[in-house]
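Have a look at the sequence and the 3D view, then read on.

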Amino acid sequence: MARWIAEWHPDDPAFWESSGKRVARRNLIFSIVAEHLGFTVWTLWSIVATKMGVYKFSTDQLFWLVALPNLVGSALRVPYTFGPAKFGGRNFTVVSAALLLIPAVLLGVAVGNPDTPYWLFLVIAALAGVGGGNFASSMANITYFYPRHKQGVALGLNAAGGNIGVSSVQLVMPLVIGAFGLAAAGWFWIPFIVVAGACAFFFMDNLTSARANPREQLAVAGKAQTWIMSFLYIGTFGSFIGYSTAFPLLSKSLFPEAPFAVVAFVGPLLGSLIRPVGGWLADRLGGAPVTLWNFAGMGVGVLLVWLASTSGNFWMFFLAFQLLFITAGIGNGSTYRMIPAIFQAKAIAERGEGEESLLYGKRQASAAIGIISAVGALGGFLINRAFGMSFAAAGTPAPAFLAFGAFYVSCFALTWWCYTRKVGASVVASLAYARV
């Protein structure tokens, strides 16, 4: 039986302290659990692809297996965003967790057969994309549970808990595969998925106030702010998920004798743990200035990784890559804090102060999160394909690194132009909301 909460007023201090905070925390905890499992399934192929030597696939073919889940996951984020508003956050979390069983089971079956054709692996890798959709529904749902002034940290914690799923895969899977074989990469996660779905069923809630017409929510697709932030999110989250999934296979291609499998989890873990710091900095300093200078740091990071990739020294390469993971994590937090700030400030400007105006802003932000996270996740696909094509065409990742550096320069310029430049003494009025 569905559990619906009819009265929910998180921006009322008395309501928040008396009961709201406790309920919100409970939903956040089990949202993180389910989202974490979504990320593990979504990124399984980053490790599986490095263990498929028996199949004699080319480097470009292996990068396709890593890239496809990112492509499908990014596309699913749009419909997944509207799932909580249509069916309830708790209900949709249960269903989205259960769907993770499909790619996990198929992976376990397929890799147990050395005659499995490449096209079938492509299909199974694509199905792992359902795990990528969970992020959008989870973030859209949690937005409603927290008051404005706490959303930066709450969304940061929710996202970080999910992002750590990448690190879990890259830490645990080499050990599991080494002990039980490649098929265990799928079977291992099944009991955890069942537990996550059960926890969502028994401990999460649906909010009546979060219900909205998907057609009305899609109106945010016509707003310039949605697409500007989508572009910037490719640079932050797209980089995080792209580098996280590409690092093991990239390391194997450049440094085949290096112990990359032992340390692959470190970068995604650092990027995940520091994401709430990005949200906290944005709460204190403003999302736009934090994002601006973070892109400068990412530009420096990709230059250092490029240089290290030609050094012949794996540990120099590994350490340089950590700067990219850390800056991507900070940028994830700061850009995500900008989204509710923009849409809720615009709602107040258009409709005045009041609970109805705040709720309208949250609905707009929730819908925008889906579109922005979907476009941003495409970065994971593009980064892996860039590496695959670079190796196929030049035998080196250098052309990909050059493209990434140029992209970060464009992100820096766009952030400055739209959100931080000043005319006289005033911030550009039409796009000033991100500084809230």
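Are Trp 45 and Phe 121 buried or exposed? Both Trp 45 and Phe 121 are buried, where "buried" means under 20% relative accessible area, "exposed" means over 50%, and "partly exposed" is in between (1.4 Å probe, protein chains only).

## Before we dig in

This is a predicted model, so local features need pLDDT of at least 70 and side-chain atom pairs count only at pLDDT 80 or more, while totals for chains, interfaces and linings use all residues. Residues are numbered from 1 along each chain as its sequence is written, and side-chain values use heavy atoms, with hydrogens and water left out.

## Rings that meet

The structure holds 44 aromatic pairs. To pair, rings of Phe, Tyr and Trp (its six-membered ring) need centres within 6.5 Å; planes under 30 degrees apart are stacked, over 60 edge-to-face, and the rest tilted. Trp 45 and Phe 121 make an edge-to-face pair, with 6.0 Å from centre to centre and 70° between the planes. Trp 45 belongs to helix α2 (residues 45-48) and Phe 121 to helix α6 (residues 118-127), so this pair ties together parts that are 76 residues apart in sequence. Helices here are DSSP runs (H or I, at least four residues), as are strands (E, at least two), numbered from the N terminus.

Phe 247 and Phe 325 also form an edge-to-face pair, at 6.5 Å centre to centre and 70° between the planes. Phe 247 is in helix α12 (residues 224-254) and Phe 325 in helix α17 (residues 314-351), 78 residues apart, and their pair links distant parts of the chain. Both Phe 247 and Phe 325 are buried.

## A bent helix

Stay with Phe 247 for a moment: α12 bends by about 45° there, and a proline, Pro 248, follows within four residues. The bend at a residue is the angle between axes fitted to the seven residues ending there and the seven starting there. How many of the 31 residues of α12 are buried? The count is 25, so α12 is largely enclosed by the rest of the structure.

## Two domains, side by side

The domain assignment gives domain 1 (14-210) and domain 2 (213-435); such bounds come from an automatic or database domain assignment. Taken over C-alpha atoms, the centres of domain 1 and domain 2 are 20 Å apart. Contact (heavy atoms within 4.5 Å) involves 46 residues of domain 1 and 56 residues of domain 2.

About 4,400 Å² is buried between domain 1 and domain 2, and carbon and sulfur atoms give 69% of that. Buried area is the accessible area (1.4 Å probe) that two parts lose on being put together, summed over both. Of the area that domain 1 buries against domain 2, Phe 63, Phe 82 and Arg 148 supply 16%, more than any other three residues.

Thr 43 sits in the loop between α1 (13-42) and α2, and counts as buried at 1% relative accessibility. Leaving out residues up to four places away in sequence, Thr 43 touches Gly 165, Val 166, Val 169, Ile 241 and Thr 245. Ser 31 is in helix α1 and is buried too, with a relative accessible area of 3%.

Now try Phe 192 in helix α10 (residues 190-203). Phe 192 is partly exposed, with a relative accessible area of 41%. The C-alpha atoms of Phe 192 and Leu 37 are separated by 7.5 Å, though these residues are 155 residues apart along the chain.
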